[in-house]
Each structure stands twice: as C-alpha cells, then as structure tokens.
Protein chains: 2
Amino acid sequence: MALISPSRRLRRTHFSEGVEAAGVKSYTVYNHMLLATVFESVEADYHHLKNHVQVWDVSVERQVELRGPDAARLMQMLTPRDLRSMLPGRCFYVPIVDETGGMLNDPVAVKLAEDRWWISIADSDLLFWVKGIANGYRLDVLVDEPDVSPLAVQGPKAEELMARVFGESVREVRFFRFGLFEFQGRDLVIARSGYSKQGGYEIYVPSGDLAMPIWNALFAAGEDLNVRAGCPNAIERIEGGLLSYGNDMTDDNTPHECGLGRFCDTQTAIGCIGRDALLRVAKEGPVQQVQAIAIDGDAVPPCDRVWPLFGGGRRVGQITSAIWSPDFSTNVAIGMVRMTHWDSGTKLECETPDGMRVATVQPGFWA
Amino acid sequence: MALISPSRRLRRTHFSEGVEAAGVKSYTVYNHMLLATVFESVEADYHHLKNHVQVWDVSVERQVELRGPDAARLMQMLTPRDLRSMLPGRCFYVPIVDETGGMLNDPVAVKLAEDRWWISIADSDLLFWVKGIANGYRLDVLVDEPDVSPLAVQGPKAEELMARVFGESVREVRFFRFGLFEFQGRDLVIARSGYSKQGGYEIYVPSGDLAMPIWNALFAAGEDLNVRAGCPNAIERIEGGLLSYGNDMTDDNTPHECGLGRFCDTQTAIGCIGRDALLRVAKEGPVQQVQAIAIDGDAVPPCDRVWPLFGGGRRVGQITSAIWSPDFSTNVAIGMVRMTHWDSGTKLECETPDGMRVATVQPGFWA
C-alpha cells in the first residue's frame, strides 16, 4: 500500500477536521475530493456499521444543480428513466447515459421543485456533460456545483440518532423521500437514503459553517448509541449489491448490462438523449450483465483491476469488485458475465493475482 | 499522511508494473488514474531530474480524440486560442473554457491531421464537455478516449537517451512539434514537450502491448546516463511556474487570471463558446492574476488547501501551491493575487497552517 500525496486538487471537505480527528487511516479520491475508506479496519468498520450507527462524510457526492424553466426538460434528456410521475420531495436513482446509451454516472436525482433539481453524483464530472448539453441545446437553465455537502448517518440506530438531533418527525421520512428539517434556525434537506443496506439518512448540508456543528451534534447525541465516524464499506456494499461507478460499470456499459433495466423506461422516456441507442437492448435484453459471484478459497487480495472470468476455456466476463465477507464466510464479488454463463450456479474460473479460483454465479446478492 | 485504497476505479496504467518495480512511494489520483508523486523523496527526485534523465508514466494525460469533418470546428469551439494557423505536426497549449470563460482544463492539443486531433488533458473529465458540445450542436465528429498512454522522458540527458532508442533524428524535433518514429515496426507520435523545464519528450504509446517494451528499452539504453523512474516533481514545477489545473486554477478562473492571456486570441477566435464572456477581460485585463510568490521562513508544511494572503489587513489573494526549494533556498509558491497587491516586491502576509508568514510577490518564476 502506498501513501497519498496531499494537494489542493484533492479537495478537503467541510468535515475533514472531524474525519481526521476520528483517526482515518486510508482514503480514496472521488470527484476530485478525499473520501475516507478505513477508520479502524475494513472488517471492524463493517461489524460496527451493521450493529450501531455511523456518521459518514460523503461530501464527494457533489451536487449538479439545475435551475430554471428548462430544468425538468434537461433532467429528462439525461436519463432513460421516465420522470413525469416524479413529485417534488422525491429522490430517484437515475442512470445517466450518453448518446450511445453508455453510462456516464449513476446518481440520485433530488427534485426540490419543478424548476430546481440536485443530481447527487457518483465519480465522474457529470457537470461537464450537463453544461455541454445545456449549452448545445440552448436550454434556459443554470447548471452549477453548489457548496452542498452530504453527510450520511447509516446503521440500525440511525433513525434513533437522527430523531434526537432533528426531532421525532424525521422518523416519518420514507425511503427515497426527503423533508426539510431545522438546525440552528436553518432549513436542511434530509433524505432517507445512503450507500448502505443498513438504513439511514443523508443530510444535504448547505454551507460550510453548518458542517462541523452538525457533525458535533450527532456525536454528542449518540454517545450511548456507540456512534462512530465511518465511510462506505467495501464488504457491506458488495454483499448488498450496491454498484460503484468506475468499478462495476463504466461508459462502456448500458444501464441494462448493469442490471439497472428496472430504472429505465426506454419506451416512454421521450427526450432522453440515449433513448434511440437503448431501444433495442431494452427490448431484447443485454448480452452481458452484472452478477453476484462467490469466489472460493481464502480471502482474495485487493481487487485493484479487472479479474478475467473463464468458462469452458473462453473468456466470459470479469470481476470488478471482490472482498472477503466475514458474515457469509466467502469472497463476495461483483462481475459482468456473458449470458451464456450467467445462470445461477454456473461455475467459472477467475484469474486472481494469486492464481485461478473457482467462481460461482449466485442467484442474487447476499444482503 | 494516509494510505491510498486500491480499487479498479483508481485505474492502473500500462506502465504500473514498471512504476511499482521502481519503488514508488506515493501516488496522487489524476483523471481517475494513479500518478506517482514520489520515488526516493521529493527532494532526491528533484535533484536527479535536474541532472540526469527520468522516465515518467504520465498515462494520466488521457487523450480526448476528435475525428471527422467537424473536428477542427469543434476544437476551435473549445478554446479562445486562434487555431487557424496551426499545422498538422504541431502541439498547442490551449486553455479550454466554458460559456462563462471559466477554465475547464488546460491541455495540449495535438493536431494529427485536419480532421484528427488529440487533446492531452489535465485533471478533469473534459471528454464529457466535448461530447456534450458535439451532441448539442449536432457536429459531424467522433469523440472518445483512445487507449493512448503518454510516457515522458525528461531531464538534461533526455535527448541523448531518446536518440539511442528512437534514432538520431529525434534530436531534430523542435519544441511543441512532433514526429512519427518507429519502435518494433510500429509508428509512434513523439513530441518535444513535457511537464518540466528540464527539456524532454513525450511518447504517445498507442496500445498496451508496446508499453513495457518501450519502458524497458529506455532503461536498458540509459544505464550509464543514470536513468530512473520519475514523475512530475512538485518543487521543479513550482520553480518553473508550471500551473496545475485543480491546484492553481479551477473553473472559477478565466485564462487571463491564470496568466494565460498570451494563449488567447479572443478577438479572432471566432467560434469559441466562451469568447463573448472573455472579450471584456481580454481588453481590460483581469483584476487578479497568478503570481510567483516567495514565502519566508523554514520549509512550509504540505499545501493541501488554499492559504489566504492578506495585504493591509484585507484578504487580497491565496496561495495554491507551495514547497521548499533547495536550489533557491526559499519556499517557492504559486498564488492568485488582486491587482492592488500584485506588483513585484509587494510584501503580503500568508496564513499557513503553522502561522502567519511574510510572502513576497516575485518578478517572475524562478526557473
């Protein structure tokens, strides 16, 4: 493992002070910003996340804000998901595709009002695509990256902790909805969402001056809940089948290949730039698709590149994320597999850095 | 200093094997890819670069390729530099701006042919902007990221080493020109360019299978030249005033603020999307501009965030890159300073993590 070199270009966040004080050990870089990956250890962080409550600095989920009369039209141009039924107060997971149907990002769209949206992005400069489209089509809309920093509260005790800080009514926010809640006299967007399967919330902190006060309020209120600083956990997210843009999919992949066909309404998503390119795959289905895959043997080494998958001596896919799962006592993995070999139970061979291993296509993700 | 967590999303390069074998100690992430920052130490690497020759894996300088009848028109839409006089075989440093004149990238454009260009990019997903513009304006052009990986050979002995591997005629390539040279029967674009002031070349390696053979050929031929693996060096680049996108400029800045007005022909760059927004600043000049700044005292700590600059008690700018220079026995720095305080010799106060220090605006960069 190598060190990471500090520079302004790898942006700090409004919560970095808290993350450092909590003893962060490793980072990744995501949207040109630091994202913690380990506090105690990946395994210790994992057990804690599943049993208690964690506060995550996910400022890296930068927002692309759309404002103006053409905001809704632009939002629909970006995605094959039909947004006509989406009301303000809702969050939609939206595949974003280019004119070839290739994935550019897999963000959550937050509809603040008919003419005001946030796109809470995965790791790519989606702002550049959206600005280019808005400019090229001469749309009447402002597009920028506001100073909004999501703070996630995740884990089985998340609701209890949030209720203590933001009031009992935060319990009534339903999954992928948001409400406005007050903190020190300011309104905050708080959604029931987050990049784990343990339940929880994301607080869209609208300016730097509120960041550490909210962070500190959560830690002060949660001492008896064993609250800790945390971060998206590699084991938990693979067990739960939460895909990672750049890891499990790139702009080479259609949403259908990524198993995101259920978030596409390709027939009715009129206006989507990639719609024509996706009509055929939407009808006939993809020839390769993301699958849950178990890899035999002891804990695999870090998965820092694609690991080829072979079936009958031919290359039939690749592993893109893999790690040992203590709870399921196997190596859990995410991979892309061709349709000839994607049936549940199919045994494949996986070329890992320490040799060939048996890999088995699973009926679904673990959690 | 924290560790960096490996994942496929932080892409390895075709030279990673060589970089690791050479004992890389630290990385940064640049265009979603690993870029070495330290081998022996920043200072040892610096002295070596200035005296010998280094081979740099700069695959992170990804290419955006434009191909087709509208390629030249699209290229001109992206930049306020007038490209009409540019011939095939030339490289131009081109500020890229959005419709507000804000910098989106500061790449080198490589004109392969009238209808085929590479844009060798700094750290932002420029591909997304270019694809959005091409789509929105319905241009007849293909835009993608080819599998091209630049390998830089830098330092005073670079020409000698390159001549040994690619033949004597490589000596005739002039600054910011390129030629085609053969290696194992394949044609390579080799330009006299690179992100140092020590002179050298960049080899545009067009596919993975050639990467390690070229790397190994350079090391085999350069043993008596004391060739080593290296990387862009923080000290050398600040001494030389080589700006870094994301560090010394962002999309908040115009090219003129970045001191890049000499690369802009705002009057004549008809077709540039940001032209209208830049006409006034091109005529009247910017109100703040990048400056070389010396910071008094011992070696400053790592500059991982902006350090405010004060003059007469008011904030008048910020430092964005700073490091101790052994050769100039001072802290060399790059900062943005308001016009009221940018005259050479002006004494400012700089708020560093370990206290206020005197900072002096320099007449120019050091090297």
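**Close-up views of chains A and B**

**Salt bridges between the two chains.** Between chain A and chain B, 8 salt bridges are counted. The model is a predicted one. In one salt bridge the side chain of A:D123 meets that of B:R9, with an N to O distance of 3.0 Å.

**Polar contacts and the make-up of the chain A side.** Chain A and chain B have 27 residue pairs in polar contact, counting pairs in which both residues are at pLDDT 80 or more. Four elements of chain A, namely β1 (3-4), β2 (26-30), α4 (126-136) and β19 (314-325), each supply at least two residues of the side that touches chain B. The element that gives the most to this side is α4(A), with 9 residues. By residue class, the side of chain A that touches chain B holds 21 nonpolar, 16 polar and 13 charged residues.

**Extent of the interface.** The contact involves 50 residues of chain A and 50 residues of chain B. About 4800 Å² is buried between chain A and chain B, and 54% of this area lies on carbon and sulfur atoms. On the chain A side, the residues that lose the most area to chain B are A:R8, A:R9 and A:F128; together they account for 19% of what that side buries.

β2(A) pairs with strand β1 (residues 3-4) of chain B in the parallel sense, over 2 bridges. Here A:S26 has B:L3, in β1(B), as its bridge partner.

**The open sheet of chain A.** This sheet has 6 strands in the order β13-β14-β15-β12-β4-β16, and its pairing is mixed. Its edges are β13 (178-183) and β16 (228-230) of chain A, each of which pairs on one side only. On average, neighbouring strands of the sheet are turned by 30° against each other, direction ignored.

Strand β12 (residues 149-154) of chain A is antiparallel to strand β15 (residues 200-205) of chain A, and the two pair over 6 bridges. In this pair, A:S149 stands opposite A:V205 of β15(A). Helix α2 (residues 42-51) of chain A packs on the sheet and touches β4 (54-57), β12 and β16 of chain A. The direction of α2 makes about 120° with that of β4(A). Helix α5 (residues 158-166) of chain A also packs on the sheet, touching β12, β13, β14 (186-191) and β15 of chain A. Between the directions of α5 and β15(A) the angle is about 40°.

**The hairpin of β13(A) and β14(A).** The two strands run antiparallel and are joined by 6 bridges. A:L180 has A:V189, in β14(A), as its bridge partner. The hairpin leaves 2 residues between the strands, and A:Q184 in the turn has a positive phi of about 50°.

**The barrel of chain A.** In the order β17-β20-β19-β18-β21-β22, 6 strands of chain A close into a barrel with antiparallel pairing. Its neighbouring strands are turned by 40° against each other on average, direction ignored. Strand β18 (residues 307-311) of chain A pairs with strand β21 (residues 347-352) of chain A over 2 bridges, in the antiparallel sense. In this pair the bridge partner of A:F310 is A:E349 of β21(A).

Terms used: Residues are numbered from 1 along each chain as its sequence is written. Chains are lettered from A and ligands numbered from 1 in the order in which they are written. This is a predicted model: local features need pLDDT of at least 70, side-chain atom pairs count only at pLDDT 80 or more; totals for chains, interfaces and linings use all residues. Side-chain values use heavy atoms; hydrogens and water are left out. Contact means heavy atoms within 4.5 Å. Buried area is the accessible area (1.4 Å probe) that two parts lose on being put together, summed over both. A salt bridge is a side-chain nitrogen of Lys or Arg within 4 Å of a carboxyl oxygen of Asp or Glu. A polar contact is a pair of N or O atoms within 3.5 Å; within protein, one must be able to donate a hydrogen and the other to accept it, and residues adjacent in sequence count only if both atoms are side-chain atoms. Ala, Val, Leu, Ile, Met, Phe, Trp, Tyr, Cys and Pro count as nonpolar, Asp, Glu, Lys and Arg as charged, and the others, Gly among them, as polar. Two strands pair if DSSP finds at least two bridges between them. Axes are lines fitted to C-alpha atoms, for helices over the stretch in contact, and angles run from 0 to 180 degrees between N-to-C directions.
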